[in-house]
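Here's a quick briefing to read with the model open in your viewer. Take the topics in any order you like.

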Amino acid sequence: MYESVHAVPDGDSTVARFAATAAEYGFDGIVVRNHGDSRGEFDAEKVSDEYDVDVVDGLEIRADNPSQASGHVGNFRPKSTILLFHGGTSKLNRFAVEEERIDVLAHPMENRGDFNHVLAKAAKEHGVRVEFNFSRVLRADGGRRVQAIKDLRKLREIVTKYDTPFVVSADAHSHLQLRAPRELVAVGETIGFSAEQVETGLREWKKLAERNRTIRSDDFIAPGVKRGRYEEDD
């Protein structure tokens, strides 16, 4: 199982510190999902070797509108193994689920954002994973926590009904905010998930990383076009 995190300078902990804690908690890998304006420098291979945890380079796009978002996707897609898009409004959520170059729609319910059956079907059609972000349930209190649980329950009902692919994350900005898989399972159960569903959402990060690494490898002569038996190098 994998977890996704915001490392320095987007978060408070280094990639190495995240990897060390993730290994302690039993994760097999982490996805570094810093925002586009806060990308950090780190040696993923070196950290992976030191802590025996796969380190995946990701990026989370933020944009004010679909037009700006489209430009960011074109810029960052070739540079990122996993590309997330920070949603939260109807227009941005719709843009993300209809854009096949995006891997994950993050924060779809933030700021009272909405997610309905039309978006669920589009996400499934285009292979965009919907994120169940547990951060507000884990770190908010009072009314904000109650609202977060209500939002996630609504999202779970729609995603489950339409069999939309999804990921799960605590969205940690510090290694102190990481939670072991069993703790995330407990949070998921308050929303209505089974333990198996939460674990499926944690494993989906690895599937995305493996798929995209293959697509970016020399086996593909262009995005989505695999080298055939008659294709030869120049």
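Buried means under 20% relative accessible area, exposed means over 50%, and partly exposed is whatever falls in between. Glutamate 183 has a relative accessible area of 33%, so it goes down as partly exposed. One thing to keep in mind throughout is that this is a predicted model.

**The sheet**

- An open sheet of 7 strands runs in the order β1-β2-β3-β4-β5-β6-β7, and the pairing is parallel.
- The edges belong to β1 (2-5) and β7 (166-169); each has a single partner strand, so one side of each has no neighbour in the sheet.
- On average, neighbouring strands of this sheet are turned by 30° against each other, ignoring direction.

**Salt bridges**

- Side chains of opposite charge can pair when their charged atoms come close. This structure holds 17 salt bridges.
- Arginine 62 and aspartate 37 meet through their side chains at 3.5 Å, N to O. This pair links distant parts of the chain, 25 residues apart: arginine 62 sits in the loop between β3 and α3 (66-76), and aspartate 37 in the loop between β2 (29-32) and α2 (44-51).
- Are these two partners buried or exposed? Arginine 62 counts as partly exposed at 43% relative accessibility, while aspartate 37, at 64%, counts as exposed.
- Aspartate 114 and lysine 154 form another salt bridge, at 2.7 Å, N to O. Here too the pair links distant parts of the chain, with aspartate 114 in the loop between β5 (104-106) and α5 (117-126) and lysine 154 in helix α7, 40 residues apart.
- Aspartate 114 is partly exposed, at 29% relative accessibility, and lysine 154 is partly exposed with a relative accessible area of 37%.
- The side chains of arginine 179 and glutamate 183 also meet in a salt bridge, at 3.9 Å, N to O. Arginine 179 counts as partly exposed, at 23% relative accessibility.
- Arg33, Glu60, Glu131 and Asp171 are tied into a network of salt bridges.

**Nonpolar cores**

- Which residues touch the most other members of the largest nonpolar core? Out of its 56 residues, they are Ile30, Phe85, Phe115, Phe132 and Phe134.
- Helix α7 gives the most to this core, with 6 residues.
- A separate core has 11 residues, including Val56, Val104, Leu208 and Ala209.
- Leaving out residues up to four places away in sequence, the contacts of phenylalanine 85 include Ile61, Ala63, Ala69, Leu92, Phe95 and Val104.
- In helix α4 (residues 90-97), Leu92, Asn93, Phe95, Ala96 and Val97 are buried. The buried residues of α4 pack against α3, β4, β5 and α5.

**Aromatic pairs**

- There are 4 aromatic pairs in the count. One of them joins phenylalanine 85 and phenylalanine 95 in a tilted arrangement, 5.4 Å centre to centre with 55° between the planes.
- That pair links distant parts of the chain, 10 residues apart, with phenylalanine 85 in strand β4 and phenylalanine 95 in helix α4. Both phenylalanine 85 and phenylalanine 95 are buried.
- Phenylalanine 132 and phenylalanine 166 pair edge-to-face, with 5.5 Å centre to centre and 85° between the planes. Phenylalanine 132 lies in strand β6 and phenylalanine 166 in strand β7, so this pair ties together parts that are 34 residues apart in sequence.
- Phenylalanine 132 is buried, with a relative accessible area of 0%. Phenylalanine 166 has 14% relative accessibility, so it counts as buried too.
- Phe132, Phe166 and Phe193 make up one aromatic cluster.

Key:
Residues numbered from 1 in each chain as written. Predicted model: local features only at pLDDT ≥ 70, side-chain atom pairs only at ≥ 80, totals over all residues. Heavy atoms only, no water. Pairing = 2+ DSSP bridges. Helix = DSSP H or I, 4+ residues; strand = E, 2+ residues; numbered from the N terminus. Axes fitted to C-alpha atoms, helices over the stretch in contact; angles between N-to-C directions. Salt bridge = Lys/Arg side-chain N within 4 Å of Asp/Glu carboxyl O. Buried < 20%, exposed > 50% of the residue type's maximum accessible area, 1.4 Å probe, protein only. Core = buried A, V, L, I, M, F, W, Y, C linked by side-chain atoms within 4.5 Å. Contact = heavy atoms within 4.5 Å. Phe/Tyr/Trp six-rings, centres within 6.5 Å; stacked < 30°, edge-to-face > 60°.
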